[in-house]
Amino acid sequence: MNKLRVTQAVVDAGVVAVLRADSADEVARMARHAIKGGIKAIEITMTVPGALRAIEQLAAEFSSKADPSSEQYAIVGVGTVLDPETARAAILAGAEFVVAPALNPATIQLCNRYAVPVMPGTMTILEIQSALELGVDIVKLFPGSVYGPSIVSAIKGPLPQANVMPTGGVSLGNLSEWVKAGAIAIGIGGDLTKEAVKTGDFTHIERQAEAYMKAYRDAKGN
């Protein structure tokens, strides 16, 4: 596992699917549809019962070393990591990046020890500066809905070197604003999956994934 390669792969993917479900099988199914729809960075949250099993299955099924245009290409990571023990268990299961809801120095140190990208949740300039000092390459702005897109350019005033990934509060309607404000990537969750969960039609995830990827490419001018 190469930290720089995986970090760049997340940046190249642009959109990270943050997936929550009631079982490992359900979240793995969500992930497959999201990948088929074009989202190549998948975050399986530890709130999912059997999350490690889902990560192991998906890591075996998809390879971040494959051709990025291949349907079998994806970067599989873990989210809602609260402590270093959970991070290590997920890494052993195959997670290639770690996302946390808050800044936990011990978790960051564990990930740095094993050269795994870690994206802690931050809300303040102090937290972002602390994360950078601990060696974090991408900080998760969470919840993004508290601020709005303009906060990214405000952060980059004193901290132009900060790579910010907003999660929570990102939608198809404002994705372009986040990207143009300087977000290096964006995380999406409920808006990607809520209709599929409600109706049982998981092809909705594919369509939403396609819409998000198109919106992201348009915002980037690609």
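1. Basis. The model is predicted; local features need pLDDT of at least 70, side-chain atom pairs count only at pLDDT 80 or more, and totals for chains, interfaces and linings use all residues. Residues are numbered from 1 along each chain as its sequence is written, and side-chain values use heavy atoms, with hydrogens and water left out.

2. Strand β2. This strand covers residues 41–45. Helices (H or I, at least four residues) and strands (E, at least two) are DSSP runs, numbered from the N terminus. In β2, 5 of the 5 residues are buried, so the strand is largely enclosed by the rest of the structure. Buried means under 20% relative accessible area (1.4 Å probe, protein chains only). Both faces are covered: A41, E43 and T45 lie on one side, I42 and I44 on the other.

3. Neighbours of β2. Strands pair if DSSP finds at least two bridges between them. β1 (residues 15–19) pairs with β2 in the parallel sense over 4 bridges. Here L19 stands opposite I44. β2 also pairs with β3 (residues 75–79), again parallel, over 5 bridges. There T45 stands opposite G79.

4. Crossovers. From β2 the chain passes through helix α3 (residues 51–61) to β3, in a right-handed β-α-β crossover. β1, helix α2 (residues 24–36) and β2 also form a right-handed β-α-β unit. Right-handed means that, with the strands pointing away from the viewer, the path from the first strand over the helix to the second runs clockwise.

5. Helix α5. In this helix (residues 105–113), T107, I108, L110 and C111 are the buried residues. Down the helix axis they fall within an arc of 160°, so they line one face. The arc is that of the directions from the axis to the C-beta atoms. Their cover includes α4 (84–93), β4 (98–99) and β5 (118–119); contact means heavy atoms within 4.5 Å.

6. Ends of α5. At the start, a side-chain oxygen of N104 comes to within 3.1 Å of the backbone nitrogen of A106. Just after the helix, A115 has a positive phi of about 55°.

7. Nonpolar cores. A core is a set of buried Ala, Val, Leu, Ile, Met, Phe, Trp, Tyr and Cys residues joined through side-chain atoms within 4.5 Å. The largest has 64 residues; L19, I39, I42, I44, V98, L175 and L192 have the most contacts inside it. Apart from it lies another core, of 16 residues, including A41, I75, M119 and I138.

Definitions and conventions
Buried < 20%, exposed > 50% of the residue type's maximum accessible area, 1.4 Å probe, protein only. Polar contact = N/O pair within 3.5 Å; in protein donor to acceptor, adjacent residues only side chain to side chain.
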